[in-house]
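Thanks for coming, everyone. Please have a look at the sequence and the structure, and then I'll walk you through a few spots.

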Amino acid sequence: MSKNEEVVAEHRDTEALLAVLDAADRMPSAVRLRDRSYELLSLVPGSTVVDVGCGAGRAVAELAERGVHAVGVDPSPVMLAAARTRWPGGEFREAGAEELPFADGSVHGYRADKVLHLLQEPGRALAEARRVLRPGGRIVLVGQDWDAIMIDSDDAALTRTIVHARADLLGMPRAGRQYRDLLLAGGFADVTVEAHTSVFTDPASLPLLARLAEPACASGAVSRDQADQWLAEQRRRAEAGRFLVAIPFFVAAGATPRP
């Protein structure tokens, strides 16, 4: 494959991913979840809030609408390019969760949505969050439990294999259920945890299942025929109005101790 073909393929993959993320972000349950995360930040107008793993920047724009100085951070130049195109008035910086471009104690709020499951050492990210947050600053973590995704299917055993196989390819697939322990271990106070379940019944959510089945197939956990048959069943369910996916999300919050 030539360099130009690689660029075209990367662009196509990014556009496909953004389409999936956009569809998920527009779900009423996703809107409520983001709103809840903003509430838990205890936003103060004019304060600085960092959205770690900001992706295409939607939360940065929504936080700015609430009167705070929102800064989006993401390690992906491609995602940041999309964010800057979509929200030209937003502030975005390229960095990973383990090394944030902020001075000690300079940030009032820290938000990470669907980020920690991608990390091999989430404790390092939380130590960095503790560093940049001022005393009394708020931290909010949001994320799904990849090992507990529920999908209605005629083949429960195959579904279970696909879900677990996809989860096993992630750094911390069960990070959501570990948020409380991670925050406490990181020295945060007043830690709270909530569980929310997002239910998807719209056929527009079908690409989410391909993003489960294809990696499971590539890893060898299921055969090509099994993956194709499973996805075909899910398409039939969608066409018949019988499609259902339920994903548990955890929302954890805490604060840096005051002197």
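Start with helix α9, residues 224-239. This is a predicted model, so every value here is computed. How far apart should the ends of α9 be? With 16 residues at 1.5 Å a residue, α9 should span 22 Å. Its end C-alpha atoms are 22 Å apart, so the two values agree.

Now, which residues of α9 are buried? They are Ala227, Trp230, Leu231, Ala232, Glu233, Gln234, Arg237 and Ala238. Keep a general point in mind: an α-helix has 3.6 residues a turn, so residues three or four places apart point the same way. What do the buried residues of α9 pack against? Their partners are β6 (150-151), α6 (156-168) and α8 (206-218). After α9 comes Gly241, with a positive phi near 75 degrees.

Next, the core. In soluble globular proteins, nonpolar side chains tend to be buried together. Here the largest nonpolar core has 45 residues. Ile149, Ile151, Leu209, Trp230 and Val245 have the most contacts inside it. Several elements give two or more residues to this core, among them α2, α6, α8, α9 and β8. Which element gives the most? That is α8, with six residues.

Take Ile149. Set aside its neighbours within four places in sequence. Ile149 is then in contact with Val163, Leu212, Val245, Ala246, Ile247 and Pro248. There is also a second, separate core, of 30 residues. Val71, Ala125, Ala129 and Leu141 are included in that one.

Back to α6 and α8. Two packed helices are described by the angle between their axes and the distance between the axes. For α6 and α8, the angle is about 75 degrees and the axes are 8 Å apart. Angles of 65 to 115 degrees count as roughly perpendicular, so that is what we call α6 and α8. Where do they meet? Ile162, Ala165 and Arg166 in α6 meet Arg211, Leu212, Ala213, Pro215 and Ala216 in α8. By class, that contact has six nonpolar, no polar and two charged residues.

Most residues other than glycine have a negative phi. Ser42 is not a glycine, yet its phi is positive, about 50 degrees. Ser42 is in the loop between α2 and β1. It is partly exposed, with a relative accessible area of 45%. Asp190 also has a positive phi of about 50 degrees, and is not a glycine. Asp190 is in strand β7. Is Asp190 buried or exposed? Exposed, with a relative accessible area of 61%.

Technical notes: Residues numbered from 1 in each chain as written. Predicted model: local features only at pLDDT ≥ 70, side-chain atom pairs only at ≥ 80, totals over all residues. Heavy atoms only, no water. Helix = DSSP H or I, 4+ residues; strand = E, 2+ residues; numbered from the N terminus. Expected span 1.5 Å × (residues − 1). Buried < 20%, exposed > 50% of the residue type's maximum accessible area, 1.4 Å probe, protein only. Contact = heavy atoms within 4.5 Å. Core = buried A, V, L, I, M, F, W, Y, C linked by side-chain atoms within 4.5 Å. Axes fitted to C-alpha atoms, helices over the stretch in contact; angles between N-to-C directions. Parallel < 35°, antiparallel > 145°, perpendicular 65-115°, else oblique. Nonpolar A, V, L, I, M, F, W, Y, C, P; charged D, E, K, R; others polar.
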